[in-house]
Amino acid sequence: MLKVTIDNKTVEVAPGTSILDAAAKVGIQIPTLCYLNLHDLNIENKPAGCRICVVEVEGRRNLAPACATDCADGMKINTHSIRVLNTRKTVMELILSDHPFDCLVCAKSGKCDLQKMAQDLGIREIRYQGEQSHYREDTSPAIIRDVDKCIMCRRCEMMCNEVQTVGVLSGVNRGFEAVVAPAFEMNLDHSECTYCGQCVAVCPTAALTEVDHTYKVIEALADPTKVVVVQTAPAVRAALGEEFGLEPGTLVTGKMVAALRQLGFNYVFDTDFAADLTIMEEGTELLTRLNKYLAGDTNANLPILTSCCPGWVNFFEHHFPELKDIPSTARSPQQMFGPIAKNYFADKIGIKREDMIVVSIMPCLAKKYECSREEFKVNGDPDVNYSVSTRELANLIKLANIDFHNLDEDDFDQPLGESTGAGVIFGTTGGVIEAAVRTAYEVHTGKTLEKVDFEQLRGMEGVRSASVDFNGLELKIGIAHGLGNARKLLEEIKAGTSQYHAIEIMACPGGCIGGGGQPLHHGDSSILKARAQALYREDAGKAIRKSHENPFIKELYEKFLGKPNSHKAHELLHTHYFDKSNQITIE
Amino acid sequence: MENLKRVDLIFGAYTNEKYKVLESSMSKSSEEIINEMIASGLKGRGGAGFLTGMKWKFTAAEKDPVKYVVCNADEGEPGTFKDREILTVVPRKVFSGMAICGKAIGAKKGYMYLRGEYRYMLPDLMKELEIYHEHARRFGHDFTIEIRMGSGAYICGEESALFESIEGKRGEPRNKPPYPTVAGLFSKPTVINNVETFVNAVMIMKYGANEFKKLGTSDSRGSKMFSVSGDTPKAGIHELELGMSLADFVNEFGDGDTKAVQVGGASGFCVPRKRFNDTIIGFEGVPTGGSMMLFNSSRSMYNVLHNYLDFFEEESCGQCTPCRIGCQQLLKGIVAVKKGEKPSSYLDQLLKLSDTMKITAKCGLGQSVANSFASIVENFKEEMIY
């Protein structure tokens, strides 16, 4: 152990401990800006670029960045000497001198790490003024880059390259013009961006934000000629409360439903219903392939990969197009809900498809892109018209002057609002495959599953493997969350060394609960864990916890779809994938 | 010339047989080579002046089986052009020095990182490299050298940015520690030295540390290549003994009207006439990677500083706040004062800013902007204002 003194407090730390972490052990919070540490997910960003966390180390001529300087035995550190405070102030003023002053109308106002730091450091004037750097704004179907607001913290770059291994964002240019951008400063939609939104989730400022559909939804709600239907993804209910000051992990399902109804949606449905439907389709596909495999077919196409995450779909279309026949052809729950609402349900209530607007509330930014894909449109009319994030929903609720805290809990409408516990856990890593196993087990073995909780599939490790006993058949399951982890499993498949029968992949670390459209976690990974626990709680409290037992799902098949994987089901609920490896064009 | 001693070590006689010094060094042990380097007192010729022998010793002591030798030929400091000449005239000495270092630290692979603008040298260097590899094979030295081209970024002369660039990444300095001797190129223990340092190492192996030590002072052993430019009738490359006073230097190279000398390039110090006598050129005084720019009274020091800041604003890697924005603020600041848009007292605030940059910037670039800024602003304040 090493002994160091920080602001006259002595602390013992293990070798390799940073000054920042050592200080935290004795209750000294050194301010940081570019630094980010999601401990539970093993994600760390410490370029030591912002220089806000500099401290005085006795015997050193220069100040040391606390985040990137390891403790040495006997080190004496001062975190608030006059030199440190003056320097920190100057550095902050420099950052602000190259930042637009549009806080009043900024998308990040109130949630901006830079704004908070300026307040914490008590900045009241900026002594350095000069030209600010100006860049071209870049919009895509999901993400807006307002590069003038980039402070070069490089968090997005770390997420995009190290965690997601997508490799779209990186530092470009030199000097004052240095900024984070796609190659050749092209637009995101000319890159291999998957729209996973993890860059948005960690951006400290408004340099990266979502494409905001709030007002499009308001306009749709105000249109008397339209029936507006909303679906809410599982992960939203576990996080929305945070936007209203509730503890992370607070379930607000009932209040969310009540708020949506108050906003004026004609029908408040649940994407969880569509998740149950996904299990029927995807689970059946799994069993079909599995039975082929067990019958000795060497082309059985295993492992099967889940396909409900649009970020992940974009990833393999760009990066692993040679594997595009392996994922399940089942659409994501969002895109299963759309055609069921606009065909089955529209018929049922006697309106035409084009008179229905489907809005989805998603923890995700890739969903915005997904619902704009051509294959999910009929004569130009998208199955899902607008996908809005958890954050946008919170804005909608605030705009409508709804007192969220005092709402009476309400229930989803039927029939597309009924869901099982299996649908709920879609929102966290491991949940989709657990839901699939619950159904596949019973269908495959013909037995009733006594214990529906598969603890071995849960957790936060980036890559997990488990096996489930299917009446003598050992079903091998792989789980990856975060695209970098997914890449590891895909490389195994490519090399022919994969041992799995089925693999669940989620683009975002933690699964949808950590999606790019969720309330910002500001680097606190315990928030993600709390959200996951909330979903497992909701699952445990549900009367029905297996997708195939959902009575409205049964009815849907009986009256409309026929059987899972039927011709009609294929037409409405399945999709196909594209090789996008050569689609990047250079202007 | 009595107080200024010209030396002819770098370009001087080497050996008639190709790679003879390298071959004879092969009979020496790693320890013997390193001890000779330490005894010589040779300090790195790139400008920072770390003891070469110690650098080699630290790297040799690392247990990793893979180590690298890197030659920093990214000569980008404004006003220095001596490496260009060395690589043109005596590339054999440079490769020999790298190979001797390889022997000393137990590396099998060396990289030369060549400045982008020096691409025209590549054919000749490759030819010499072929000869080197032939001879290395002949006397059984398992050490190959590869040349990697820079692409014109000044920052890639900073050692850790240079590693990043060789590794195929954006050229940006790393956090230090760890230092290159522990985790350098590809995170392996690495010796990185300047072109000239490797040549000095060869000459020390040829003549011995004692002979080398006869030149220079106790803090600055040996001789040094100087790139002399500006208002001088004798512009060019000159090898001089270290430890001379700037006055002696100006007597030899000045045009009779020298008002200031910028020692060490844009990142070095500007010494005004009144300080020529008490300024020693060497590690005990003002160190230099070799750049000596003379300015006579016809020159505006404001223009000189503007030029340097323009350079830094563009060549900062943009990674850390103090350098990325600080350089721009210094540049805008002196323009504003000159135009009368800011009071002259604003210069004091800019001096404080440059002080902050010195203690907070991540690497030598941002830290050393204050050198030229403060030395020019403080010594030529009236030229900044009027």
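Arg51(A) is buried, at 4% relative accessibility. The model is predicted. Arg51(A) sits in the loop between β4 and β5 (54-57) of chain A. Its phi is near 65°, a positive value in a residue other than glycine.

Asn42(A) also has a positive phi without being glycine, here near 60°. This residue belongs to the loop between β3 (36-38) and β4 (43-45) of chain A. Is Asn42(A) buried or exposed? Asn42(A) is exposed, because its relative accessible area of 76% is over the 50% cut-off. Arg51(A), by contrast, is buried because 4% falls under the 20% limit.

Most residues other than glycine have a negative phi, and most peptide bonds are trans. The peptide bond from Lys176(B) to Pro177(B) is cis, with omega near -5°. The bond from Pro177(B) to Pro178(B) is cis as well, with omega near 5°. Pro177(B) lies in the loop between α7 (159-166) and β4 (190-194) of chain B. Pro178(B) is placed in the loop between α7 and β4 of chain B too.

| Site | Backbone angle | Loop |
|---|---|---|
| Lys176(B) to Pro177(B) | omega near -5° | Pro177(B) between α7 and β4 of chain B |
| Pro177(B) to Pro178(B) | omega near 5° | Pro178(B) between α7 and β4 of chain B |

**Chain B as a whole**

Chain B has 15 helices and nine strands. Its radius of gyration is 21 Å, close to the 21 Å that the globule rule gives for 386 residues, so chain B is as compact as a globular protein of that length. Along the principal axes, its C-alpha atoms fill a box of roughly 70 × 50 × 35 Å.

How much of chain B is buried? Of its 386 residues, 61% count as buried. The accessible surface comes to about 14500 Å², and carbon and sulfur atoms account for 48% of that area.

**Pocket and cavities**

Rolling a probe the size of a water molecule over the atoms shows where empty space is left. The second largest pocket holds about 750 Å³ of space. Of the 25 residues lining this pocket, the closest to its centre are Lys46(A), Pro47(A), Glu162(A), Asn175(B) and Gln319(B). Three elements of chain A, namely β4, α4 (155-163) and β10 (170-172), each supply at least two residues of the lining. Which of the elements gives the most? That is α4(A), with four residues. By residue type, the lining of the second largest pocket has six nonpolar, seven polar and twelve charged residues.

The model has nine cavities of 30 Å³ or more. The largest cavity holds about 260 Å³ of space. It is lined by 24 residues, of which Cys308(A), Pro310(A), Pro363(A), Lys367(A) and Cys512(A) are the closest to its centre. The elements giving two or more residues to this lining are α9 (310-319), α10 (333-349) and α11 (366-370) of chain A. The lining of the largest cavity divides into 17 nonpolar, six polar and one charged.

**Two further sites in chain A**

Glu354(A) lies in the loop between α10 and β16 (356-362) of chain A. Its relative accessibility is 45% and it counts as partly exposed, because that value lies between the 20% and 50% limits. Glu354(A) and Leu96(A) are 258 residues apart in sequence, and their C-alpha atoms are 48 Å apart in space.

Pro551(A) is part of helix α17 (residues 551-561) of chain A. It counts as partly exposed, at 40% relative accessibility. Which residues does Pro551(A) touch, leaving aside those up to four places away in sequence? They are Glu418(A) and Ile544(A). Pro415(A) is 136 residues from Pro551(A) along the chain, with 9.2 Å between the two C-alpha atoms.

Definitions and conventions: Residues are numbered from 1 along each chain as its sequence is written. Chains are lettered from A and ligands numbered from 1 in the order in which they are written. This is a predicted model: local features need pLDDT of at least 70, side-chain atom pairs count only at pLDDT 80 or more; totals for chains, interfaces and linings use all residues. Side-chain values use heavy atoms; hydrogens and water are left out. On a 1 Å grid over the protein atoms alone, a cavity is a set of points where a 1.4 Å probe fits but cannot get out, and a pocket is an open set with protein on both sides within 12 Å along at least five of seven lines; lining residues have an atom within 4 Å of a point. Grid points are joined across faces, edges and corners, and a volume is the space filled by probe spheres set on the points. Ala, Val, Leu, Ile, Met, Phe, Trp, Tyr, Cys and Pro count as nonpolar, Asp, Glu, Lys and Arg as charged, and the others, Gly among them, as polar. The radius of gyration is taken over C-alpha atoms; the globule rule is 2.2 Å times the number of residues to the power 0.38. Buried means under 20% relative accessible area, exposed over 50%, partly exposed in between (1.4 Å probe, protein chains only). Accessible areas come from the Shrake-Rupley method with a 1.4 Å probe; for residues, only the protein chains shown count as cover. Contact means heavy atoms within 4.5 Å.
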